[in-house]
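I opened the model today to look up aromatic pairs, a few helices and the cores. My notes follow in the order I took them.

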Amino acid sequence: MRLVAKIVSFLLTISFFLTMYFIYHLNILPNKYFLIIGVVLFVLVLGLDFKLIRKKTGDGSRVFFTIFSTLMIIANGYLLTYIDATHDFVSSMTSKNQEVVTYHVLAKENTYGKIKELENHTLSYLDTDSNYDNLKVLIKKDISYKENSVTEVSRLIHDLENQATDAILLEDSHYQMLKEEYKELEKVKIVKSYRLIVKKKQEQEEVKRTTKDSFIVYISGIDTYGAISSVSRSDVNMVAVVNPNTSKILLVSIPRDYYVQLHNTTGLKDKLTHAGIYGVDKSIGTIEDLLDIDINYYIRLNFSTLTKSIDLLGGVDVYSDLTFTPWTNQKITIKEGMNHMNGEMALAFARERHAYTTGDRRRGENQQAILTAMIKKMTDKSNIMKIKSILASLEGTFETSMSYEDISNFIKMQLSENINWDITSISLDGTGSMQKTYSMGNRNLYVMIPDMNTIIKAQEEIQTVLAGDH
């Protein structure tokens, strides 16, 4: 029995040092808690080791201490799974500084079925596409073809429809958007798809002290069910202004159809949502131009999968000022007043715009309400035991340019101080119009002409929160 006790003592000591090392490496536990836990566990392990290997310990006592120590080893192993899950999730969130861009070679039905059939034929593309040179290298591995560049999307579609070109090249999110506007694309098939890994060019201002310095985060909600790193239209566009010194967060919602000049473009303006087609850097630059701010970080999220975590949190409480049946889910009724929402109801609420006269602007406000409710629920210490399941449900739904150190220090501050964040929300406004856009050429689309008064107000409130003024 004493030999077994010695083995258990050795394993207990090893598990203690492993646990303390990984807790330290995780870097989210406040120092005071780390020291308290470390001292308490060290004294306990030291006492157990002494009892287990001491010659004078009775057989009955040795059995008791062996069993107790074994349970501690198991508990430490279980704790390590939580630590590993947390570390993996935070690490997976941090952006690899690249985006996945998918392109399609498209041809009319009943013309070309395989890429080889386009050998020595004409392939048209947009001359504004900065990825074309890299894409051409991939296509040239399959076929030789005649290049034809055009300046507008409408010309691209027109040439394909009228057989002035044999095939066209389009990025996936651009293609999905065009299908909604051009019926001609209903009779077009994908001959072959190519994937590019594109490095982001945006040089973000580095903020190392997320626990001390005010900072601005761009929150982008993408409209894709694929990988979070995929280039896609941004249906949700928010700016979160965070001041850890005053415990204030300001959420600024920008309508997806806002008619703005895309960053580093000239000529026609475009919908803000279309900026996402050209990558997250384009969205960031466009919003920085619009609000005259410097965005320090971005977070991309997928609302469709994010809501899984709401169920694990036991739902969220969100206020609605009217009763309606969401157009995306006719089985649900949102009632006037406070609603306790599960994930399915929260998603329908976040997507609703038809029930409101303000349409897309109100949808942005609803999304702010959902995010606010989730922040409050997730920062509640009562949910700490659910953290492993919550993190598993969120895997693949987030991507951020924040470093691991930025994130872990922010979590450590929240655990240490249990901050009750004061979260306020505002929305930019405008008036509906039909205009030509940069991404769609001469095609008239619904857009929202910005109301400069709301933009100026947002700029002032952002600066107030950044400065810590009350």
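This is a predicted model: local features need pLDDT of at least 70, side-chain atom pairs count only at pLDDT 80 or more; totals for chains, interfaces and linings use all residues.

Is Tyr132 buried or exposed? Its relative accessible area is 4%, so I put it down as buried. I then checked Tyr125, which is buried too, at 14%. Both values fall under the 20% cut-off. The two rings have their centres 3.6 Å apart and their planes at 5°, so I logged the pair as stacked.

**Other rings.** I looked up the total and found 14 aromatic pairs. One of them joins Tyr21 and Phe22. That pair is edge-to-face, with 5.3 Å from centre to centre and 75° between the planes. Tyr21 is partly exposed, at 48% relative accessibility. Phe22 is partly exposed as well, at 34%. I also noted a cluster in which ring pairs link Phe215, Tyr297, Phe410 and Trp421.

**Trp421 and the cores.** Which residues does Trp421 contact, leaving aside its neighbours within four places in sequence? My list has Val242, Asn243, Pro244, Ser247, Lys248, Ile249, Lys376, Phe410, Met413 and Gln414. Trp421 turned up again in the largest nonpolar core, which has 28 residues. It is among those with the most contacts inside that core, along with Val217, Ile219, Ile249, Leu251 and Phe398. I checked what supplies this core: H1, H3, E6, E7, E8, E11 and H13 each give at least two residues. A second, separate core has 27 residues, including Tyr218, Leu250, Ala458 and Val465.

**Helix H14.** Ala458 and Val465 took me to H14, where both are buried. The helix runs over residues 452–467. I tested its length. At 1.5 Å a residue, its 16 residues should span 22 Å, and the end C-alpha atoms are 23 Å apart, which agrees. Thr454, Ile455 and Ile462 are also buried in H14. An α-helix has 3.6 residues a turn, so residues three or four places apart point the same way. The face of H14 turned away from the buried side carries Asn453, Glu460 and Ala467, which are exposed. The buried residues pack against helix H7 and strands E6, E7, E8, E15 and E17. I inspected both ends. At the start, a side-chain oxygen of Asp451 comes to within 2.9 Å of the backbone nitrogen of Asn453. After the helix comes Gly468, with a positive phi near 80°.

**Helix H2.** I ran the length check on H2, residues 31–53. Its 23 residues reach 32 Å from first C-alpha to last, close to the 33 Å expected. The buried residues are Gly38, Leu41, Val45, Leu48, Asp49 and Leu52. What do they pack against? I found H1 and H3.

**Thr437.** My last entry is Thr437, in strand E16 (residues 430–437). Its relative accessibility is 0%, so it counts as buried. Its side chain reaches the backbone nitrogen of Met440 at 3.2 Å. Leaving aside neighbours within four places in sequence, I listed its contacts as Tyr259, Leu268, Lys269, Asp270, Arg443, Leu445 and Val447.

Methods. Residues are numbered from 1 along each chain as its sequence is written. Side-chain values use heavy atoms; hydrogens and water are left out. Helices (H or I, at least four residues) and strands (E, at least two) are DSSP runs, numbered from the N terminus. The expected span of a helix is 1.5 Å times one less than its number of residues. Buried means under 20% relative accessible area, exposed over 50%, partly exposed in between (1.4 Å probe, protein chains only). Contact means heavy atoms within 4.5 Å. A polar contact is a pair of N or O atoms within 3.5 Å; within protein, one must be able to donate a hydrogen and the other to accept it, and residues adjacent in sequence count only if both atoms are side-chain atoms. A nonpolar core is a set of buried Ala, Val, Leu, Ile, Met, Phe, Trp, Tyr and Cys residues joined through side-chain atoms within 4.5 Å. Rings of Phe, Tyr and Trp (its six-membered ring) pair if their centres lie within 6.5 Å; planes under 30 degrees apart count as stacked, over 60 as edge-to-face and the rest as tilted.
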